[in-house]
Structures are given as structure tokens and as C-alpha cells.
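Work through the exercises below with the structure in view, and try each task before reading its solution.

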Amino acid sequence: MGPTRKPNVCHRLSRRALGSFSRDAGVVQRTNLGILRALVCQESTKFKNVWTTHSKSPIAYERGRIYFDNYRCCISSVASEPRKLYEMPKCSKSEKIEDALLWECPVGEVLPNQSDYKSSLIALTAHNWLLCISATTGKVLEKIYLASYCKFSTPLMVISIQQPVLLYLAVFRVLPFSLVGILEINKKIFGNVTDATLSHGILIVMYSSGLVKLYSFQTITEQFMQQKLDLGCACRWGGTTGTVGEAPFGIPCNIKITGLPAYFLGRYNATPNRDQDLVVFINENLFTVTASGRVVKKSFHLLDDDPEQETFKIVDYEDELDLLSVVAVTQIDAEGKAHLDFHCNEYGTLLKSIPLVESWDVTYSHEVYFDRDLVLHIEQKPNRVFSCYVYQMVCDTGEEEETINRSY
């Protein structure tokens, strides 16, 4: 079966105005996104570079917001020109935010506190504080001190200088926000382990040989949690009494594995030319894990590149519009030019190609985001110079408009 006939936007809008769709909010939302997808992919729609900005500090993007100066300054990317949402007070080097994650409430969830429905940033500072920050005002809503016995990074883990401990993982539940504990990854237990992480309730342990082992985190907590800890509550640990999550006590390491966990989920060898079902652990040339966490297995007869002509650099999935976005770069002498292609996720058909006006140096670090009617390109140049190029969906009028340039 081939691709179906293109939907008529006017017909969909007319049906929506007449109330032809279900009263279910999910159906209406999917209909609206279907209309937006049709508008994005139609030939007359263009994506124009509406503004460009430069910064001496890293630039980050989350859900229509662009963050500068280590998340201290927040700019809206929705407007046709930069609009500052907030700017937090200046702080010392030890207090600067090193990384952050956006915390949003899932649709349909019933939560205990009204504040839980509002978007927040969960931010980690250089001196091991975890901050809950309002995504709209920049106000710090909650502060948690992690620990003094190690230096955390994001995700909330640290490579320890204390042998044989490889790293610690700080684990929290969200909505409502609560502490699970800090887990120690010890080489005496796991052997010659090189890395470990947590995802969807699974502890993933990796080895230099390519071996990957999976364990149930719930089983680990049931077997090896030494003491249940609650944020803000008094605790006695190792002869010291303090408040969990407050300085200088912080959060003790309360999950120490003393023997291999009883419930072993699986083991995989990350070597090529094995069963395709294990492709996520095996061959980077056959799959891509997108920013949204989706594993995309490339279909080479549809999405293959020609190394002499162009090379795929970034592959991502826009889940709301069900489009696969691919950044392809063509090297012309010393300068590279890039274009962002939208492919039908079901059939792989090329639906639209958007040229990026700025040059693309393959030796620089690049991030490209496609978010509904927005395309955003963040580039890191030498000497810590960061550039951000914002493209917005516009109707092609044939008129040239000025691109705004700013510095932060």
C-alpha cells in the first residue's frame, strides 16, 4: 500500500468549525496537529530565518524557550523577534547552573498540588544543588542539596575518584517530586564496568568489551535500600544527624548493592552483525536514538546518503506531527551547506526540504530542533562562541524581510 491522498486543509477546518469531530480533547488535538502537518509540508510554506543571536556561553532550547548564560536568561522563540521572558540575578561561578531538564505535567494526570501542573526547570548547579525553577518567571521554587562526597553532573550521576566506586546515581520520582535515593555503582560487584545509567525503571550497566547488562531497579531498591529517606526530614546516618536535602548533610548513599541483583533482565553484546532485534546495542550505522528517546531504524533504500554528495548528520522524530527530520550536509570546497528534510514516518517519503541559510562547518558541534512550526539551529564554534539561528514557518509572499541579529 502506498501513501494516501494528501488531506485538504480547508476541508478539515470546515469540518472542525461545524463540530464534526468528537468532543474528546485528544481527537481535536490530533486533528489540529494533522492540519498543522499539512500546512508544514505544503509547497507554498517556507521556513524563514527570522532572527539570529550569538553568545559567549552555551545556548539551550526547551519547548519554545531559548536559554542563555547557563540558563540565567530565557528568551521566547515563538515571537518573530527575540522576547525576553525573564533574567535571573547574577550569581557566583560555584552557583551557576550546569544543566537543566524541563518538567511538564502529562495530560490527564490528577496531581496533589496545583503547582505541579505548571512547567518547571529541574536544574543542577556547579556546587551540587538541585533547583526547581518556574519555567515562566525564573523564580526558584525549591532547593535540594545533593551531597558533599562527590561531584554530580547531568544526568544526576558522577564518576567517582574513590576506587572501586565508579559513580553514583541520584534518583528521584516526579509528579509529585520525591526522593528515591542515591545508588552506588561499585566495580567489586559489577566487575570491569565502564558506565551505567537508569532508564524506564531499568539499570543499564555497560562494559568496555561491549557487553550490556540490564537489571530491574525496583528489585534493586527492594533488596539493597539500607534506609528510606524523605526530603526535608531529619535523618541519622553514620553517626551524623541532619536534614535530608539540606546543606551540609545532603542525601546519604542509601542504596548500596552488596551482591549481583537477583532479577537479571538480559545481557547483550554490542558487536556488529548480530540479530537486528538488538540493533540498539549493536550498530550505530543502523539506528538513531532521537532527542525524544525514539529509536529510528534507517531504511537505506529510502534514506541512504551519498558520501561524495551529502552526508546525514542529525536524525530526529517530531512525535506530534509524525515526521522524521533529517539534516543532510553537502561539502562544497571548504564550506558546507545543510538542508533539513521532512520524511513521512510511515513510508519514508520525502515531503519537504528546508535549506539552512548559514554555512555548516562539519568540525563544529551542531544541534537542530524541529518543533511544530519552528526550526532552531544551535552551533558551537571555536573559542566558545555559540550561535543560534531561528526559523519560523511563513507563507511565501515573495517579499524579502530583514533578519534580526542579536548578541547575549
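**Exercise 1.** Decide whether D69 is buried, partly exposed or exposed, and find its salt-bridge partner.

Solution. Step one: buried means under 20% relative accessible area, exposed over 50%, and partly exposed in between (1.4 Å probe, protein chains only). Step two: D69 has a relative accessible area of 29% and is therefore partly exposed. Step three: a salt bridge is a side-chain nitrogen of Lys or Arg within 4 Å of a carboxyl oxygen of Asp or Glu, and D69 forms one with R72, the closest N and O atoms being 2.6 Å apart. Step four: R72, at 10%, is buried.

This is a predicted model, in which local features need pLDDT of at least 70 and side-chain atom pairs count only at pLDDT 80 or more, while totals for chains, interfaces and linings use all residues. Residues are numbered from 1 along each chain as its sequence is written, and side-chain values use heavy atoms, with hydrogens and water left out.

**Exercise 2.** Find which residue forms a salt bridge with E320, and classify the accessibility of both partners.

Solution. Step one: the partner of E320 is R372, with the closest N and O atoms 2.8 Å apart. Step two: the pair ties together parts that are 52 residues apart in sequence. Step three: E320 is partly exposed because its relative accessibility is 25%, and R372, at 31%, is likewise partly exposed.

**Exercise 3.** Describe how the charged end of K143 sits relative to the ring of W129.

Solution. Step one: a charge sits over a ring if NZ of Lys or CZ of Arg is within 6 Å of the ring centre and within 35 degrees of the ring normal. Step two: the charged end of K143 sits over the W129 ring, 4.7 Å from its centre.

Notes. Helix = DSSP H or I, 4+ residues; strand = E, 2+ residues; numbered from the N terminus.
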